[in-house]
Amino acid sequence: MGTCWGDISENVRVEVPNTDCSLPTKVFWIAGIVKLAGYNALLRYEGFENDSGLDFWCNICGSDIHPVGWCAASGKPLVPPRTIQHKYTNWKAFLVKRLTGAKTLPPDFSQKVSESMQYPFKPCMRVEVVDKRHLCRTRVAVVESVIGGRLRLVYEESEDRTDDFWCHMHSPLIHHIGWSRSIGHRFKRSDITKKQDGHFDTPPHLFAKVKEVDQSGEWFKEGMKLEAIDPLNLSTICVATIRKVLADGFLMIGIDGSEAADGSDWFCYHATSPSIFPVGFCEINMIELTPPRGYTKLPFKWFDYLRETGSIAAPVKLFNKDVPNHGFRVGMKLEAVDLMEPRLICVATVTRIIHRLLRIHFDGWEEEYDQWVDCESPDLYPVGWCQLTGYQLQPPASQCKLVYRKGVLL
């Protein structure tokens, strides 16, 4: 809805159910937007002026929210709330006076909401997706369900259909069938010799496009050092090394000091990824850089480390420097995917902003579970998104309950 949200602002009037009424049938009244919070609006019935006693929150994209004039066109009754019914004898004249020149929702608003919730990915489509147990490779998975553009993918060899992976349809972790072979990425071949009935390959044009890069000039090389968000611990930015240069601008990266000998924990980032940074990024922006595991010369100094390892830093000019005017501010609330348990969407807060990088804190959890996320990540949603799409929202963790997280009793 972002492209048509300019129609929504404070003082916009809408027709909504009148809950302050003793009539047995459903009736409506006009309300004005007092405050906006994501998809949610704080509404006040017309006639209450400065009285906030019956203000109420609702999702402005809900099926019971209509532009002014909808009731007249649909033959629905407009009935003033019981609390203020005595204030005016001629409510029609009151409404004419109040609504002259006022803004309301565009007449096709509900159609826009409906269209925004149509998704090109469908169940039974086959994709290549990261193997959650071996990040260095991809596997074939099948779309099991689609909720709000989020996909529940079941790995093709999962007989009981419980081995799954959640991600957004625009996630950089999913690709068309044949992608791995085309760029030289590791791929786990399926034991299934032929597609199951009804399964079909997802058309390549449905996947998020990556920026084309020119690898013919100065480019990333194996062994170059950089700083990268650890995909297995998204609260940390670590000392890392380019382990392999693939086609189309993709890089295999390993976290220094914690790599498996066979490279099974290398991970793939595109050269334009907002999750990789030049040497010195953390120091310049006063972010704690996680040194290689077992490295004893602390505090960590890049100059000394490069000399000791006989390495060079990846050239600064090769990294993505685009910073959109994203509008995020520290303290803003949102709904965010817990990327370590990606089926969960939680109440969250923006706690730091470094250029395009956001520090996301999950309300009620310790800071160690915070995650660094790009401002344009498809895993961040406005307040009210879960309610709109029917996705379950995880409330803030209660400090007084025993809860499980990542298999640990807290």
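Author: Before we look at this predicted model, take one definition with you: two strands count as paired if DSSP finds at least two bridges between them.

Reader: In what order do the strands of the open sheet lie, and is the pairing parallel or antiparallel?

Author: In general, the strands of a sheet pair through backbone hydrogen bonds, and the pairing may be parallel or antiparallel. Here the open sheet is formed by 5 strands, which follow the order 4-3-2-1-5 with antiparallel pairing. Its edges are strand 4 (56-59) and strand 5 (66-67), each of which pairs on one side only.

Reader: How many bridges join strand 1 and strand 5, and which residue is the bridge partner of E15?

Author: Strand 1, residues 13-17, pairs with strand 5 in the antiparallel sense over 2 bridges, and the partner of E15 in strand 5 is H66. Helix 2, residues 91-99, lies across strand 1 and strand 2 (28-37), and it runs at about 30° to strand 2.

Reader: Where does the second largest pocket lie, and why?

Author: Because domain 2 (123-204) and domain 4 (330-402) both give residues to its lining, the second largest pocket lies between them. This pocket holds about 940 Å³ of space, and among its 31 lining residues, Y39, L380, Y381, P382 and W385 lie nearest its centre.

Reader: Which helix gives the most to that lining, and how many of the residues are nonpolar, polar or charged?

Author: Strand 19 (333-337), strand 23 (380-381) and helix 7 (385-389) each supply at least two residues, and helix 7 gives the most, with 3 residues. Sorted by class, the lining has 18 nonpolar, 11 polar and 2 charged residues.

Key: Residues are numbered from 1 along each chain as its sequence is written. This is a predicted model: local features need pLDDT of at least 70, side-chain atom pairs count only at pLDDT 80 or more; totals for chains, interfaces and linings use all residues. Side-chain values use heavy atoms; hydrogens and water are left out. On a 1 Å grid over the protein atoms alone, a cavity is a set of points where a 1.4 Å probe fits but cannot get out, and a pocket is an open set with protein on both sides within 12 Å along at least five of seven lines; lining residues have an atom within 4 Å of a point. Grid points are joined across faces, edges and corners, and a volume is the space filled by probe spheres set on the points. Helices (H or I, at least four residues) and strands (E, at least two) are DSSP runs, numbered from the N terminus. Ala, Val, Leu, Ile, Met, Phe, Trp, Tyr, Cys and Pro count as nonpolar, Asp, Glu, Lys and Arg as charged, and the others, Gly among them, as polar. Domain bounds come from an automatic or database domain assignment. Contact means heavy atoms within 4.5 Å. Axes are lines fitted to C-alpha atoms, for helices over the stretch in contact, and angles run from 0 to 180 degrees between N-to-C directions.
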